[in-house]
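Welcome! Below is a short tour of a few charged side chains and their surroundings. Have a look at the structure first, then read on.

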Amino acid sequence: ETSKLIPLLSIYVIGDGIQSTLNGIIKACGRQCLIMPIVIIAYWLIGAPLGYFFAFVRQEGIMCEDTLECGVTGLVSGLTVGTWVHMLLLAILVAGTTNWKSEARKARERNEFNEP
């Protein structure tokens, strides 16, 4: 069972690392309030229900060993999809709505204000 999870978890770690960076960018821009709706969509509306479906519903509760969509592996598959949805939505938010010139100006102003 564990050997089936390692490839999924390696895919999960890539998406999680990128979404952590994107979270940092959004927080640094002072737009934290935009993150929570994305988390709700990615994990509570997509990842968790998909994991539940794969783990318990699709195979009617039977623990199978020959597919990625059942049991613990199915649960991890669904949550991995949720993490990648999270990462993709954050990437769209950062790429589509960040005014980098304005953010650079704000950062420059903050640094000038903090100088002794």
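Is Glu103 buried or exposed? With a relative accessible area of 13%, Glu103 is buried (buried means under 20%, exposed over 50% and partly exposed in between, using a 1.4 Å probe and protein chains only).

## About the model

This is a predicted model, in which local features need pLDDT of at least 70, side-chain atom pairs count only at pLDDT 80 or more, and totals for chains, interfaces and linings use all residues. Residues are numbered from 1 along each chain as its sequence is written, and side-chain values use heavy atoms, leaving out hydrogens and water.

The structure holds 2 salt bridges (a side-chain nitrogen of Lys or Arg within 4 Å of a carboxyl oxygen of Asp or Glu). Glu103 pairs with Lys106 at 3.6 Å, N to O. These two are 3 residues apart in helix α4 (residues 100–114), so about one helical turn separates them. Lys106 is partly exposed, at 32% relative accessible area.

The side chains of Arg105 and Glu109 also form a salt bridge, at 3.2 Å from N to O. Because they are 4 residues apart in helix α4, about one helical turn lies between them. Arg105 is partly exposed at 39%, and Glu109 is partly exposed at 43%.

Helices here are DSSP runs (H or I, at least four residues), numbered from the N terminus.

## A glutamate in a loop

Now to Glu60, which sits in the loop between α2 (35–57) and α3 (71–97). Glu60 counts as exposed because its relative accessibility is 70%. From Glu60 to Cys70 is 10 residues in sequence and 9.3 Å in space, C-alpha to C-alpha.
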